[in-house]
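Visitor: I have a model open on my screen and would like to learn how to read it. Could you take me through a few features?

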Amino acid sequence: MITSVNRVLLGLAGLILLVLGGAVLVSGLGVSVPSWSPFDGPDDVLLSKGDRTRWRDEGWWWPTVIAVLAVLVILALWWFLAQLRRGRLAEVLVDSGDGEGALLRGRALEGVLTEEAGALDGVSDAKATLTGRRTAPQARLRLLMEPHAAPGPVLRGLSEGALTHARTSAGLDELPAEVRLKAVKHRAERVN
């Protein structure tokens with residue numbers, strides 16, 4: 001989700017800057033502009049003195065300006081902090097029984113899940129990712145299915161095999177999983 005939000009925000013910012021920059025460039029070159037354009041010619045300014053001071057004496061002006069700026073700062077901070085958050089789980093906390101616990105690398109558990117899921121009959125390729133907290137991980141699996149494979153037996157084999165093994169080996173009470181299935185594209189078979 002972070003990637004799509006980044007793309008949308010950067011796309012909108014780029015489009016707005018491109019339109020404003022193009023409008024300033026066109027009016028600065030002396031090309032005739034439409035009547036609705038905020039720029040009239042090369043000697044025009046973005047905000048005249050009258051535009052800058054028009055609302056100063058109104059009671060709603062400063063609270064509105066401060067509220068809009070506060071919302072923009074909060075959105076910018078949310079976006080910045082979202083960039084720092086990791087999408088993948090780096091480690092899983094395993095209860096070792098001595099009260100201390102042990103750390104299992106997230107990549108290692110992902111590798112085992114990927115390998116076991118890829119070995120299932122009817123699966124061409126598999127990819128596993130761990131998300132969530134280190135005490136309550138969640139698995140996301142993407143399986144590329146062979147044309148002859150039925151989803152039911154593959155999902156049953158995945159839940160009884162790879163996911164059960166991962167859950168018990170890591171000492172987890174539960175390991176929720178989201179599985180996405182995609183079929184391998186193949187050419188049509190010729191019938192004689």
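**A buried glutamate, and what surrounds it**

Guide: Let's start with Glu 110, which counts as buried because its relative accessibility is 4%; buried means under 20% relative accessible area, exposed over 50% and partly exposed in between, with a 1.4 Å probe and protein chains only. This is a predicted model, where local features need pLDDT of at least 70, side-chain atom pairs count only at pLDDT 80 or more, and totals for chains, interfaces and linings use all residues. Residues are numbered from 1 along each chain as its sequence is written, and side-chain values use heavy atoms, with hydrogens and water left out.

Visitor: Which residues is Glu 110 in contact with, leaving aside neighbours within four places in sequence?

Guide: Contact means heavy atoms within 4.5 Å. By that rule, and leaving aside those neighbours, Glu 110 touches Arg 88, Ala 128, Thr 129 and Leu 130. Glu 110 itself belongs to helix α4; helices (H or I, at least four residues) and strands (E, at least two) are DSSP runs, numbered from the N terminus.

Visitor: What order do the strands take in the sheet?

Guide: Strands pair if DSSP finds at least two bridges between them. Here three strands make an open, mixed sheet in the order β3-β4-β5. β3 (123–133) and β5 (177–183) are at the edges with a single partner strand each, so one side of each has no neighbour in the sheet. Strands β4 (residues 136–145) and β5 run parallel, joined by seven bridges; Arg 142 has Arg 180 in β5 as its bridge partner.

Visitor: How do α4 and α5 sit relative to each other?

Guide: The axes of α4 and α5 come within 9 Å and cross at roughly 160°. Angles under 35 degrees count as roughly parallel, over 145 as roughly antiparallel, 65 to 115 as roughly perpendicular and the rest as oblique; α4 and α5 are therefore roughly antiparallel. Among the residues making the contact are Leu 113 of α4 and Leu 163 of α5.

Visitor: And which residues touch the most other members of the largest nonpolar core?

Guide: A nonpolar core is a set of buried Ala, Val, Leu, Ile, Met, Phe, Trp, Tyr and Cys residues joined through side-chain atoms within 4.5 Å. The largest has 23 residues, and Leu 113, Leu 130, Leu 141, Leu 143, Leu 158 and Leu 163 touch the most other members. α5 gives the most to this core, with five residues.

Conventions
Axes fitted to C-alpha atoms, helices over the stretch in contact; angles between N-to-C directions.
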